[in-house]
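Subject: The structure I promised you

Hi,

Here is the structure we talked about. Have a look at it first, and then read on for what turned up.

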Amino acid sequence: MTEGNNMSECDGAAEDAVPTDGPAEEKKESWDSTEAVPEKAAASGADEVEFVHPEGGWGWLVMLAAMWCNGSVFGIQNAFGILFLSLLREFGGEHDDDLRFKTAWVGSLSMGMIFFCSPIVSVFTDILGCRITAVGGAAVGLVGLLASSFVTSLGPMYFTYGIVFACGCSFAYQPSLVILGHYFNKRLGLVNGIVTAGSSIFTITLPIVLSDLLKNVGLQNTMRILCIFMFVLMLAGLTYKPLLPVKSTNTQTGSWCPPMSQVFNINIWKSLGYRIWAFGVPAALYGYFVPYVHLMNHVEERFGQDASKEVLLMCIGITSGIGRLIFGRVADYVQGVNKVYLQVASFFVIGLMSMMIPLCNIFGGLIAVCLLMGLFDGCFICIMAPIAFELVGAKDVSQAIGFLLGLMSVPMTVGPPIAGFLRDRLNSYDVAFYLAGIPPIFGGAVLCLIPWLEARRKKREKEAASKEQDASQTMLGQEKSQGDGQCKNGESVV
């Protein structure tokens, strides 16, 4: 009896130290781990279930809805130049320089507010979801655009068109980028290329449509017709059915208020790669939009007012759409954060093309420059969302995109006026275009650090995981040897 008890105790100790394959032991371990930390076990089990993107199905309809969103939002914004002339005729005269300056701020304020509101939109997207945020934003945009059609002076237009309509567009636009990550992973680059190509298609076709509408029905009725675009945008937002797990908004105290960590997601700023990206992209944009704003005036000064400057805009729009489709597909074959190199290449080419504009003394050369600029403009735009997904993950991507767009609003607003100031001082756009090429090249050089830093981070994490695994194996070996020693001592006593 004494020998049997000693052997039983030794066997039990050895079994506790080294888990066996027996069903009884597996059941015992499972019960113990569940009893000790049930919530943690459940959470870890939920995390282990990997989400599989459908890569199609309902996602194709979501893609078309997001494409309409990009097209209607930025198509209307980019066509403001057509509305600009009608606003001048409506509220004064085309040759009133003071009125031209004040009217131009309506469009600038509207474009700036779309990006400036993005951090706020990302918070609403996290809390309310993509569908409610997008539909609500489209409704606000519709109200702002409809109210603008009844305005009879320039002052209220700043509020109705520059703020209300633009804020609605911002709330409708950003969820269209986030929701794509719920349905696509391997095809995310291609899908983003198709979606962002919508703005190119609308930018090319909408000015023609608006010109005919303004001639036939007038400014007010044209804006009311544009409200149809926003109404369809509301219907498009209803297709944004989320698939990824929604973050819980319930706190431990039972309050209806979401936790502060959800209102302001600090996880995105823990990533050094994202911090560099959020600095490098806005830094590049200080010169990025200068050619798009001042190219037409430069052409008139260099080649005369009879030059076909509209052809240049058409070249940029067409090749930008082609670039979004091509590079969106290419991005799907580039692994991980190496997608950043595509964005680096786009900034380098756009910076060089900006510097080439003053050197083009032949109109055909200027067309070639615009074709290349548009192609790589499409590259830059279509891979923004895929890079954000790579840097912070799908759960944090809404605020990652939101804060980046918010930071982009500053250079988009400041860069072109600085170029205009240089032109007024120097009586030429040449220096402005030369200087405009520097920020994209500088920003692209900064972004080159991201793949290198991310590779080092993953290497450190792999080494740390390997050391932890080795330590756990060593500990198990020691426990096994101690158990064997106890058994031998028990046998010798008997």
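K339 has 8% relative accessibility, so it counts as buried. E390 is partly exposed because its relative accessible area is 35%. As background, side chains of opposite charge can pair when their charged atoms come close.

Before going further, keep in mind that this is a predicted model.

Now the overall picture. The protein has 494 residues, and 46% of them count as buried. You'll find 24 helices and zero strands in it. If you take contacts between residues at least 6 apart in sequence, 84% of them join residues at least 24 apart. The accessible surface comes to about 24,500 Å², and 64% of that belongs to carbon and sulfur atoms.

Back to charges for a moment. The structure holds five salt bridges. One of them joins the side chains of R324 and D377, at 3.6 Å from N to O. Here, too, distant parts of the chain are linked: R324 is in helix α17 (residues 309–332) and D377 in helix α19 (residues 363–382), 53 residues apart. Both R324 and D377 are buried.

The side chains of R329 and D332 meet at 3.5 Å, N to O. These two are three residues apart in helix α17, so about one helical turn separates them. R329, at 33% relative accessibility, counts as partly exposed, whereas D332 is buried with a relative accessible area of 18%.

The helix I'd click on next is α12. It runs over residues 218–237, has 20 residues and reaches 30 Å from its first C-alpha to its last, close to the expected 28 Å. Its buried residues include L219, M223, L226, F229, M230 and L233. What do they pack against? Their neighbours are α4 (58–78), α5 (80–91), α8 (130–148), α9 (154–178) and α11 (188–216).

There is also a nonpolar surface patch of about 560 Å², made by V217, I225, I228, F231, V232, L235 and L238. L235 lies in α12, and with 45% relative accessibility it counts as partly exposed.

One of those neighbours, α5, has 12 residues and spans 16 Å, close to the 16 Å expected. Among its buried residues are F80, L83, F84 and F91. Leaving aside residues up to four places away in sequence, E90 touches L219 and Q220. The C-alpha atoms of E90 and L219 are 8.1 Å apart, although 129 residues separate them along the chain.

Last stop: L244, in the loop between α12 and α13 (260–263). Is L244 buried or exposed? Its relative accessibility is 16%, so it counts as buried.

Happy exploring!

Conventions. Residues numbered from 1 in each chain as written. Predicted model: local features only at pLDDT ≥ 70, side-chain atom pairs only at ≥ 80, totals over all residues. Heavy atoms only, no water. Helix = DSSP H or I, 4+ residues; strand = E, 2+ residues; numbered from the N terminus. Expected span 1.5 Å × (residues − 1). Buried < 20%, exposed > 50% of the residue type's maximum accessible area, 1.4 Å probe, protein only. Contact = heavy atoms within 4.5 Å. Patch = residues over 30% accessible without salt bridge, like charges linked within 9 Å, V, L, I, M, F, W, Y side chains within 5 Å. Areas by Shrake-Rupley, 256 points an atom, 1.4 Å probe, with all protein chains shown as cover. Salt bridge = Lys/Arg side-chain N within 4 Å of Asp/Glu carboxyl O.
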